[in-house]
Amino acid sequence: MDSAEKWHIELTVNPDDTIHLLHTLTHEIGHALGLYHSPLKDAIMYAFVPSKTFPVRLSEADVLAIQNLYGLRNKSEIAGPVTTTVATTTIATRDTGNSADLCALRRVDAVLVLENRMYVAYRHYLWSVDLNGKSYGRSLLLTDYLRFLPDNFTRLAGAYRRPSGQLVLFVDNTVYMIEYPSFELVPGWLRKLRDMNLPPNAKINAVINTNAGRTFAIYNDEIVAEIDDCSMIAVRHNSLHAIFPGIPPA
């Protein structure tokens, strides 16, 4: 922000040759809270300033992005469904009921670390763990964030973040690629396991993206497929012991 720009400071539609101060301040506050630029043009966090920026409204992507960092409001204080309203955008989330406590689970389906939070999935539930404070709240429903998932999905079996920033999710026998933090599907990205040169009925145990830039999908308890992140195809299959000799067989 500088005096060379023509700022519009009124709570009205800004003329074409001006920049709306309220829109810019809201965008910069988003950065201060930890948000990155969004690829969605209707988001406050979009990287470029649209010609018309009033009224200033948070998009659904903005709301989900900030909830992704700081979590939803404490639903234990609220009976029934929860509705979070920001400006004129409304995000409805469902109470998960008496779901199991995370620490009481003997196993989980998938774990993903993003920035300073760890996301843990089990069946239809998701926990957001603050790695700094080492704390977590009640579970959310995966479909509150991943609204494209079918109602009859069984579990999120694996997830990882690509070097380009997108998230790849293995849900039953389907693979999704989504933008982060908007959680929007990448166009053309709903694929079956067979499209990635994986067995169509493979049971995905885990997906690992290493710091060396290599991605591995462990399936059927004992097979490891290395995935080429450019073509998104499994380029080779090996035994679990051959790739990770320190992991005991199932």
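A residue is called buried under 20% relative accessible area, exposed over 50%, and partly exposed in between, using a 1.4 Å probe and protein chains only. Leu-185 is partly exposed, because its relative accessible area is 31%.

The structure is a predicted model, in which local features need pLDDT of at least 70, side-chain atom pairs count only at pLDDT 80 or more, and totals for chains, interfaces and linings use all residues. Residues are numbered from 1 along each chain as its sequence is written, and side-chain values use heavy atoms, with hydrogens and water left out.

The chain has four helices and 17 strands. Helices (H or I, at least four residues) and strands (E, at least two) are DSSP runs, numbered from the N terminus. The chain holds 250 residues, and 41% of them are buried. Its accessible surface comes to about 13700 Å². Carbon and sulfur atoms account for 54% of that surface. Accessible areas come from the Shrake-Rupley method with a 1.4 Å probe; for residues, only the protein chains shown count as cover. Contact means heavy atoms within 4.5 Å. Among contacts between residues at least 6 apart in sequence, 38% join residues at least 24 apart.

Four strands form an open sheet in the order E14-E15-E16-E17. The pairing is antiparallel. Two strands pair if DSSP finds at least two bridges between them. Strands E14 (204-209) and E17 (233-239) are the edges, and each pairs on one side only. From one strand to the next, the twist averages 25 degrees. For such angles, axes are lines fitted to C-alpha atoms, for helices over the stretch in contact, and angles run from 0 to 180 degrees between N-to-C directions. Strand E16 (residues 223-228) is joined to E17 by six bridges, and the two run antiparallel. Ile-223 has Ser-239 of E17 as its bridge partner.

Leu-185 belongs to strand E13 (residues 185-192). Leaving aside residues up to four places away in sequence, Leu-185 touches Phe-148, Tyr-176, Met-177 and Ile-178. Val-168 is 17 residues from Leu-185 in sequence. In space, the two are 10.0 Å apart, C-alpha to C-alpha.

One annotated position was also examined. In UniProt, an unreviewed entry places the feature "binding site" at Glu-5. UniProt positions are given in the numbering used here, feature names are shortened, and annotations may be inferred rather than shown by experiment. Glu-5 is found in the segment before strand E1 (7-8). Glu-5 is partly exposed, because its relative accessible area is 37%.
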